[in-house]
Amino acid sequence: MKGQIVYIEGHMESEEQAQQALTSFKRWNWDVELHKGLTAETVQDTEEFKNLGIIEKSRLIDFKVEDHHKYLTKMACAINNAQFWKKVVESNEPMAFIEYDAICITSWDNHKFSDYLILNCESVFQPPNKLGLLQFVNYNWKTFGLARWAEDYPLKYHKDNAWYDASMAPGTGAYAMTPQGAKKMLKAVETHGLDQSDFMINSKNVTMQTYIPSPVTFNTVNLSTSYGIQ
């Protein structure tokens with residue numbers, strides 16, 4: 001599978017982990033390349049920032065009110081994903097979105113999924129991730145192979161808008177998207193607006209699927225740059 005590893009240019013630790021990620025994916029014959037991500041300093045120059053709205057009562061609006069720099073950081077993450085969806089549509093083939101702290105542990109076997117496939121579900125919210133809440137750390141994925149999203153997974157969209165109570169992606173560390181799924185996501189943000197990147201990828205916008213054993217895990221060091229460059 002083709003894909004991009006998104007990293008922060010000029011951030012030494014991010015660049016180092018991106019190289020580690022690239023090495024691991026190449027080892028397993030994934031067709032991936034490094035991709036310079038947007039930051040709080042560069043996101044305002046993008047067409048998406050200028051032209052796309054923000055969905056009402058969203059997490060992004062909370063950040064905009066609470067902390068403007070954090071809001072710009074989260075907008076950068078969201079638009080990194082939106083630009084990736086455009087690339088998937090243009091390429092007309094499934095592609096993987098990979099953040100710099102991902103580590104590949106097996107090959108891609110050309111699984112035929114519908115829209116969105118999480119590639120690291122067994123590692124999300126596990127150490128060294130600093131957001132690991134008890135209900136996620138102790139969650140047991142019960143399926144094997146390609147499967148529909150588990151209805152009992154406790155992560156739900158909780159904001160009072162069009163996406164309320166949808167199943168939600170647990171981060172955007174490593175996932176694959178088909179052209180069909182990418183078109184659905186682009187239509188969703190054009191219709192409703194942007195939100196935090198993992199909030200946008202939810203079951204009201206795309207068919208969500210898992211694959212176990214997960215082909216991707218995390219680097220052993222978590223840099224926590226999603227809330228701003230350290």
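Helix α4 (residues 68–91) packs against helix α6 (residues 179–192) at an angle of about 135 degrees, and their axes lie 8 Å apart. Helices here are DSSP runs of H or I with at least four residues, strands are runs of E with at least two, and both are numbered from the N terminus. The axes are lines fitted to C-alpha atoms, for helices over the stretch in contact, with angles between N-to-C directions running from 0 to 180 degrees. All of this comes from a predicted model, in which local features need pLDDT of at least 70 and side-chain atom pairs count only at pLDDT 80 or more, while totals for chains, interfaces and linings use all residues. Residues are numbered from 1 along each chain as its sequence is written, and side-chain values use heavy atoms, with hydrogens and water left out.

Back to the helix pair: α4 and α6 are therefore oblique to each other (angles under 35 degrees count as roughly parallel, over 145 as roughly antiparallel, 65 to 115 as roughly perpendicular and the rest as oblique). On the α4 side, A82, W85, K86, V88 and V89 make the contact, and α6 brings in P179, A182, K183, M185, L186 and V189; contact means heavy atoms within 4.5 Å. By class, nine of these residues are nonpolar, none is polar and two are charged. Nonpolar covers Ala, Val, Leu, Ile, Met, Phe, Trp, Tyr, Cys and Pro, charged covers Asp, Glu, Lys and Arg, and the others, Gly among them, are polar.

The axes of α3 and α4 come within 6 Å and cross at roughly 150 degrees. Here L60, F63, K64 and E66 of α3 meet H68, K70, Y71, K74 and M75 of α4.

Seven strands form an open sheet in the order β2-β1-β3-β7-β5-β8-β6, with mixed pairing. At the edges stand β2 and β6 (145–148), each with a single partner strand, so one side of each has no neighbour in the sheet. From one strand to the next, the twist averages 25 degrees. Helix α4 turns up again, packing on the sheet and touching β1, β2, β3 (95–99) and β7 (174–177), with a direction about 160 degrees from that of β3.

Strand β1 (residues 2–7) pairs with β2 in the parallel sense over six bridges; two strands count as paired if DSSP finds at least two bridges between them. Buried means under 20% relative accessible area, exposed over 50%, and partly exposed in between, using a 1.4 Å probe and protein chains only.

N29, in the loop between α1 (12–27) and β2 (31–36), has a positive phi of about 70 degrees although it is not a glycine. At 70% relative accessibility, N29 counts as exposed. K57, also not a glycine, has a positive phi of about 55 degrees and sits in the loop between α2 (47–51) and α3 (59–66). With 48% relative accessibility, K57 counts as partly exposed. Finally, I212 and P213 are joined by a cis peptide bond, with omega about 10 degrees, and P213 lies in the loop between β8 (208–212) and β9 (216–218).
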